[in-house]
Amino acid sequence: LLVVIAIISIIAGFLVPTLLRGRGEAYKVQCSNNLRQIYTPAMTYSDKKGTRAFPIAPGTEPRAHESLNLMIDFDSEGLQPKLFICPEGEAEPAPEDDDKKFVLSAETLSYAWVAKRMRNTEQGKPLASDKYIDGFEDADGTHAGHKKGLNQLSTDNSVVWVNESDLPEDTKLPKGLTR
């Protein structure tokens, strides 16, 4: 009986890290899909508003949730709060009212967004990304996120993985994005 328990323990020791690694990869894919889905209403916003620019709130370097709320206010049909949440992060979905409307805040958004006005015709520039890399520390504390990198959405609707070592040390965000 002790031999069987020992064998099961050894097998479990090999399987648990593999399963956890698989879960992390699944979260990366889900997060990447969320970013691609956010791109569609952002393009619709820029086309229908006639600005040919992605949503950006007024002011110098507005917060990501302020800019994305413009898009949600403009046309929230089909958008759900969970779309703005990365499963690897710490954000909670924004509460919906009786009309299924919601407002994003810093606590209910897992993604960073472009900090300055950007036309929808620009190609290959960072538009959005995960907000935090796991273990990132700032004035608000230590944050959760993907390990060793983040997903980055570009203006051509492509999503790429960016390694932590390729990001600025102070922000750990792609250049031009804000939390």
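Hi everyone, let's start with a definition: two strands pair if DSSP finds at least two bridges between them. Strands here are DSSP E runs of at least two residues, and helices are H or I runs of at least four, each numbered from the N terminus.

This is a predicted model, so local features need pLDDT of at least 70 and side-chain atom pairs count only at pLDDT 80 or more, while totals for chains, interfaces and linings use all residues. Residues are numbered from 1 along each chain as its sequence is written, and side-chain values use heavy atoms, leaving out hydrogens and water.

In what order do its strands come? The order is 6-5-2-1-7, in an open sheet of 5 strands with antiparallel pairing. At the edges, strand 6 (159-163) and strand 7 (177-178) each pair on one side only. Strand 1 and strand 2 share 3 bridges, and Tyr 111 has Asp 130 in strand 2 as its bridge partner.

Next, the helices. Helix 1 lies across strand 1, strand 2, strand 5 (149-154) and strand 6, at about 25° to strand 5. Helix 2 also packs on the sheet, touching strand 1 and strand 7 (contact is heavy atoms within 4.5 Å).

Finally, the inside. A nonpolar core is a set of buried Ala, Val, Leu, Ile, Met, Phe, Trp, Tyr and Cys residues joined through side-chain atoms within 4.5 Å; buried is under 20% relative accessible area, with a 1.4 Å probe and protein chains only. The largest such core has 31 residues, and Leu 104 is one of those touching the most other members.

Technical notes
Buried < 20%, exposed > 50% of the residue type's maximum accessible area, 1.4 Å probe, protein only. Axes fitted to C-alpha atoms, helices over the stretch in contact; angles between N-to-C directions.
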